[in-house]
Amino acid sequence: MKAVWNGVVIAESDDTVVVEGNHYFPVAALRREYVLPSDTLSTCHWKGVASYYTLQVNGRVAFWKGVRVEP
């Protein structure tokens with residue numbers, strides 16, 4: 001699977017996990033030149049603690065709805 005935003009592949013892996021229709025990519029699959037760490041955390045009672053990243057491609061910052069996941 002590939003995660004694509006603004007025409008750029010930002011993650012690619014054959015080992016994604018699908019939860020409630022969303023693909024989760026392993027950290028090692030992220031293209032680090034586009035992904036910046038964030039201090040934001042959240043907690044879900046059944047998924048546990050989630051940490052977040054900021055996605056920036058060619059000076060543009062993405063929001064979660066703009067990323068396409070495709071085979």
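N58 is exposed, with 67% relative accessibility. N58 sits in the loop between β6 (48-57) and β7 (60-61). Strands here are DSSP runs of E with at least two residues, numbered from the N terminus.

This is a predicted model: local features need pLDDT of at least 70, side-chain atom pairs count only at pLDDT 80 or more, and totals for chains, interfaces and linings use all residues. Residues are numbered from 1 along each chain as its sequence is written, and side-chain values use heavy atoms, with hydrogens and water left out.

Now look at the backbone. Most residues other than glycine have a negative phi. N58 is not a glycine, yet its phi is positive, at about 50°. N6 also calls for a look. Its phi is near 55°, a positive value in a residue other than glycine. N6 lies in a loop too, between β1 (2-5) and β2 (8-12). How exposed is N6? N6 counts as partly exposed, at 36% relative accessibility.

Is V19 buried or exposed? V19 is buried, because its relative accessible area is 18% and the limit for buried is under 20%. Which residues does V19 touch, leaving aside its neighbours within four places in sequence? V19 is in contact (heavy atoms within 4.5 Å) with Y24, W46 and K47. Take K47 from that list. V19 and K47 are 28 residues apart along the chain, and their C-alpha atoms are separated by 9.4 Å.

How values were computed. Buried means under 20% relative accessible area, exposed over 50%, partly exposed in between (1.4 Å probe, protein chains only). Helices (H or I, at least four residues) and strands (E, at least two) are DSSP runs, numbered from the N terminus.
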